[in-house]
Amino acid sequence: MKAAAIARPPVLPSLAWACTAFTGVITPVLAMLLVLETGTQTTLALAFAPILAVGLMGSGMIGAATATRFWVGWVLALLTGLSLLLTANALGIPAMTSPLSIAITILVASFSFAARGALFALSAANKGWLVALAIVAGEAAIVLTAVAEPGLLPSWLLALLPARWASIAIQSSLTGEAVFAARSAMIALAGTGAATYVVIWLWPRRWTYSIMFTAWIALSALVYHSM
């Protein structure tokens, strides 16, 4: 990341890394164990996509903001995705329909989340990881609520959330269903990640935020019409 050299070291770095591990790995694993304890492997298969999406978001976004390096968040998210897939497999989740598809999905989602975290490291200075943590917590609450209470939240709200996009794409990779929606979600993840990276590359030019915001709204509309 070209602008990383001017990003300030995070406040309370030990706590920041602890939050990265907690939201990226520990919480998703505990969530899977809780789902399995109260349900079956089939229930876990239905809940796994949003759990994995939140894990990728937590490790990628908070990790990049903490390290003030885009690539660190990307690598952490990829490792998180692999570890959560292995954990789910050990817990008896049904075999994936397309391993290559889910690998590509994790790669793109990790890129998108890490880019956002790297931008927070610049825009929020040494408190970037706190911004990332708040966003991860907010999106996780909404996405998991949508799983627990289908139909409770409006579709337009869910369509605005990158965590929801990742969940849709992961679920399609696992089951082979909703292919059109998954493609739209993948385009949205890649598009917002690229737009965010443009902002990072051109930092500190703030007018580039309009590019990112426009891309986010347009791609959210794409996801909404495909749901």
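Where is Ala64 found? Ala64 is in helix 2, one stop on this quick tour of a predicted model. The chain has nine helices and zero strands; helices here are DSSP runs of H or I with at least four residues, strands are runs of E with at least two, and both are numbered from the N terminus. Residue numbers start from 1 along each chain as its sequence is written. Because this is a predicted model, local features need pLDDT of at least 70 and side-chain atom pairs count only at pLDDT 80 or more, while totals for chains, interfaces and linings use all residues, and side-chain values use heavy atoms, with hydrogens and water left out.

**The whole chain**

- Going along the sequence, you'd read the pattern α-α-α-α-α-α-α-α-α.
- The radius of gyration is 17 Å, close to the 17 Å that the globule rule gives for 227 residues, so the chain is as compact as a globular protein of that length. That radius is taken over C-alpha atoms, and the rule is 2.2 Å times the number of residues to the power 0.38.
- The C-alpha trace spans about 50 × 40 × 30 Å along its principal axes.
- Of the 227 residues, 48% count as buried. Buried means under 20% relative accessible area, exposed means over 50%, and partly exposed is in between (1.4 Å probe, protein chains only).
- Take the contacts between residues at least 6 apart in sequence: 77% of them join residues at least 24 apart. Contact means heavy atoms within 4.5 Å.

**Where helix 3 meets helix 4**

- The axes of helix 3 (residues 70–90) and helix 4 (residues 99–123) come within 8 Å and cross at roughly 140°. Axes are lines fitted to C-alpha atoms, for helices over the stretch in contact, with angles running from 0 to 180 degrees between N-to-C directions.
- On the helix 3 side, Phe70, Gly73, Trp74, Ala77, Leu78, Gly81 and Leu85 take part, and they meet Ile102, Ile106, Leu107, Ser110, Phe111, Ala114, Ala115 and Ala118 of helix 4.
- Sorted by class, this contact has twelve nonpolar, three polar and no charged residues. Ala, Val, Leu, Ile, Met, Phe, Trp, Tyr, Cys and Pro count as nonpolar, Asp, Glu, Lys and Arg as charged, and the others, Gly among them, as polar.

- Ala64 is buried at 0% relative accessibility. Not counting residues up to four places away in sequence, Ala64 touches Ser59, Arg69, Phe70, Gly73, Ala114, Gly117, Ala118 and Ala121.
- The C-alpha atoms of Ala64 and Ala124 are 60 residues apart along the chain and separated by 13 Å.
- Ile62 is in helix 2 (residues 41–67) too, and it is buried, with a relative accessible area of 0%.
- Leaving out residues up to four places away, the contacts of Ile62 include Ala16, Cys19, Trp129 and Val136.
- Ile62 and Phe120 are 58 residues apart along the chain, with their C-alpha atoms separated by 9.1 Å.

- Thr196 lies in helix 8 (residues 179–201) and is buried, with a relative accessible area of 2%. Beyond four places in sequence, Thr196 touches Ala115, Arg116, Leu119 and Met212.
- Ile93 is in the loop between helix 3 and helix 4 and counts as buried at 11% relative accessibility. Setting aside neighbours within four places, Ile93 is in contact with Gln41, Leu44, Ala45, Phe48 and Ala88.

- Most residues other than glycine have a negative phi, and most peptide bonds are trans.
- Thr68, in the loop between helix 2 and helix 3, has a positive phi of about 55° although it is not a glycine. Thr68 is buried, with a relative accessible area of 7%.
- Ala125 has a positive phi near 55° as well. Ala125 sits in the loop between helix 4 and helix 5 (128–148) and is partly exposed at 23% relative accessibility.
- The peptide bond from Trp203 to Pro204 is cis, with omega near 10°. Pro204 is in the loop between helix 8 and helix 9 (209–226).
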